[in-house]
Amino acid sequence: MFEYEMHQLRAADLVREADRRRLLREAREAKAARAARRSARHGTEGRVSTGLRRSLFSRAA
């Protein structure tokens, strides 16, 4: 009976470890997805203006 109880405890530990690893993987994937959305929003095809209100070039005559 003792071996069976030890087996049950070990199985429960393995399930908890698998759940913890799954949560960590999901958190990493969510973080990567947020970063990808952020970089896509501010990518190379985005706005050219840096927020400056004055013109960097002089006016033509």
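Biologist: How many salt bridges does a search of the whole structure find?
Modeller: The search finds six salt bridges. Please keep in mind that this is a predicted model.

Biologist: Let us begin with arginine 16. Which side chain does it meet in a salt bridge?
Modeller: Arginine 16 meets the side chain of aspartate 13, with an N to O distance of 2.3 Å.

Biologist: Where do arginine 16 and aspartate 13 lie?
Modeller: Both belong to helix 1, which covers residues 2–41. They are three residues apart, about one turn of the helix.

Biologist: Why does aspartate 13 count as partly exposed?
Modeller: Its relative accessibility is 36%, and partly exposed covers the range between the buried limit of under 20% and the exposed limit of over 50%. Aspartate 13 is therefore placed in the partly exposed class.

Biologist: Moving on, what does aspartate 19 form with arginine 22?
Modeller: Aspartate 19 and arginine 22 form a salt bridge, and their closest N and O atoms are 3.8 Å apart. This pair also lies in helix 1, with a spacing of three residues, about one turn of the helix.

Biologist: And with which glutamate does arginine 22 form a salt bridge?
Modeller: That partner is glutamate 26, and the closest N and O atoms are 3.4 Å apart. Arginine 22 and glutamate 26 are both in helix 1, four residues apart, which is again about one turn of the helix.

Biologist: Is arginine 22 buried or partly exposed?
Modeller: Arginine 22 is partly exposed, at a relative accessible area of 33%. Its two partners are partly exposed as well: aspartate 19 has a relative accessibility of 35%, and glutamate 26 has 36%.

Biologist: Which residues are linked in a network of salt bridges?
Modeller: Glu17, Arg20 and Arg21 are linked in such a network.

Biologist: A change of topic, then. Which residues make the nonpolar surface patch?
Modeller: The patch is made by Phe2, Met6 and Leu9, and its area is about 340 Å².

Biologist: Where is leucine 9 found, and why does it count as exposed?
Modeller: Leucine 9 is found in helix 1. It counts as exposed because its relative accessibility is 53%, and the exposed class begins over 50%.

Methods: Residues are numbered from 1 along each chain as its sequence is written. This is a predicted model: local features need pLDDT of at least 70, side-chain atom pairs count only at pLDDT 80 or more; totals for chains, interfaces and linings use all residues. Side-chain values use heavy atoms; hydrogens and water are left out. A salt bridge is a side-chain nitrogen of Lys or Arg within 4 Å of a carboxyl oxygen of Asp or Glu. Helices (H or I, at least four residues) and strands (E, at least two) are DSSP runs, numbered from the N terminus. Buried means under 20% relative accessible area, exposed over 50%, partly exposed in between (1.4 Å probe, protein chains only). Patches are made of residues with over 30% relative accessible area and no salt bridge: like charges are joined within 9 Å, nonpolar side chains (Val, Leu, Ile, Met, Phe, Trp, Tyr) within 5 Å. Accessible areas come from the Shrake-Rupley method with a 1.4 Å probe; for residues, only the protein chains shown count as cover.
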